[in-house]
Amino acid sequence: MIIKDWEYNTFLKSVMNYAAILIHGSDRGKVTEKVGEVIKKIKANTSGPIDIKDISPDDILQSNSYLYEVAYQKSFLSELVIIKINMDLIKIDKDFLNFIEQLDLNKCNLIIMESRNLKNNSAILNIFKNKQHLALLNCYPDTDKSIKDSIIKYANIYNLKLDENSITYLSNRLGNDTMITKNEIKKLSTYANGSKVTFEEILNGVGDSSSITLFNLADSMGVKNKDEINYLYERSLQSGAN
């Protein structure tokens with residue numbers, strides 16, 4: 001079943017009610033972040049040790065029964081076993097699809113799968129969409145609004161003080177990869193060390209991952225900040241915008 005954005009926090013509270021979780025999308029940073037959040041939530045709710053097994057393509061090639069064995073094998077030393085699979089590194093054939101479809105929620109270890117290259121009409125996505133005990137989380141690139149939301153979110157996490165103009169500027173400058181946004185905000189926070197950063201410091205301190213066009217420049221003409229207008233103008237020239 002698809003877990004919508006507004007259902008995400010509720011999903012985290014009941015993550016062990018699923019046999020497998022597939023987190024995918026072109027925003028690799030967001031995929032990585034959600035995988036980490038899921039595992040962090042499980043650890044917070046588990047008193048004993050957790051064994052996390054990363055499955056490689058070579059592991060799967062060991063035998064036709066390997067996936068079944070690792071999915072249902074319990075550990076004497078751990079309270080919980082989590083299986084992690086990077087779907088971009090393995091072959092998704094008929095046997096693998098059958099393995100996913102036949103997972104027994106009451107017996108199998110939790111499987112967390114991640115990918116950035118699955119097509120929207122792929123068979124495995126359809127399986128996850130139609131099974132109640134399988135969770136599907138989509139991670140698509142940020143929109144203009146969600147880029148701002150991400151900046152505010154990470155600024156709060158890392159205790160970075162930003163005014164509205166700085167947030168708007170950063171949302172224009174940063175790209176739509178969540179991990180890049182997170183890293184740049186973290187870097188600014190380390191530099192600020194609890195103090196408020198100036199616009200000039202942000203201008204000089206943040207890498208540029210966005211696609212600047214003359215549309216951005218035109219939109220900025222209403223901004224009463226010469227530095228920002230000049231910056232967007234220079235970026236439009238560098239990118240060959242017309």
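Tutor: Helices here are DSSP runs of at least four residues, numbered from the N terminus. The model is a predicted one.

Student: Which helix supplies the largest share of the lining of the largest pocket?

Tutor: The largest pocket has a volume of about 690 Å³ and is lined by 25 residues. At least two lining residues come from each of helix H1 (8-13), helix H2 (28-44), helix H7 (144-157) and helix H9 (178-192). The largest share, six residues, comes from H7.

Student: How do the residues of the lining of the largest pocket divide by class?

Tutor: Lying nearest the centre of this pocket are Lys30, Glu33, Lys34, Glu37 and Lys153. Over the lining of the largest pocket, the division is ten nonpolar, five polar and ten charged.

Student: Which elements give two or more residues to the lining of the second largest pocket?

Tutor: The second largest pocket has a volume of about 370 Å³. Its lining has 14 residues, and the closest to its centre are Ile60, Asn64, Leu67, Asp93 and Asp95. The elements in question are helix H3 (57-60), helix H4 (66-72) and H5.

Student: Are helices H5 and H6 roughly parallel or roughly antiparallel to each other?

Tutor: The axes of H5 (residues 94-101) and H6 (residues 123-130) come within 10 Å and cross at roughly 10°. Angles under 35 degrees count as roughly parallel. The two helices are therefore roughly parallel.

Student: How many residues of the contact of H5 with H6 are charged?

Tutor: H5 contributes Phe96, Leu97, Ile100 and Glu101, while H6 contributes Ala123, Ile124, Ile127 and Phe128. Seven of the contact residues are nonpolar and none is polar, which leaves the charged class with one.

Student: Is lysine 84 buried or exposed?

Tutor: Lysine 84 lies in strand S3 (residues 80-86). Beyond four places away in sequence, it touches Val35, Ile39, Ile52, Lys53, Asp54, Ile55, Ile112 and Glu114. Buried means under 20% relative accessible area; because the value for lysine 84 is 19%, this residue is buried.

Student: Which residues line the largest cavity?

Tutor: The structure holds one cavity of 30 Å³ or more, and the largest cavity has a volume of about 30 Å³. Its lining divides into three nonpolar, one polar and three charged residues. The lining residues are Ile3, Lys4, Asp5, Tyr8, Lys34, Leu137 and Asn138.

Note on methods:
Residues are numbered from 1 along each chain as its sequence is written. This is a predicted model: local features need pLDDT of at least 70, side-chain atom pairs count only at pLDDT 80 or more; totals for chains, interfaces and linings use all residues. Side-chain values use heavy atoms; hydrogens and water are left out. Axes are lines fitted to C-alpha atoms, for helices over the stretch in contact, and angles run from 0 to 180 degrees between N-to-C directions. Angles under 35 degrees count as roughly parallel, over 145 as roughly antiparallel, 65 to 115 as roughly perpendicular and the rest as oblique. Contact means heavy atoms within 4.5 Å. Ala, Val, Leu, Ile, Met, Phe, Trp, Tyr, Cys and Pro count as nonpolar, Asp, Glu, Lys and Arg as charged, and the others, Gly among them, as polar. On a 1 Å grid over the protein atoms alone, a cavity is a set of points where a 1.4 Å probe fits but cannot get out, and a pocket is an open set with protein on both sides within 12 Å along at least five of seven lines; lining residues have an atom within 4 Å of a point. Grid points are joined across faces, edges and corners, and a volume is the space filled by probe spheres set on the points. Buried means under 20% relative accessible area, exposed over 50%, partly exposed in between (1.4 Å probe, protein chains only).
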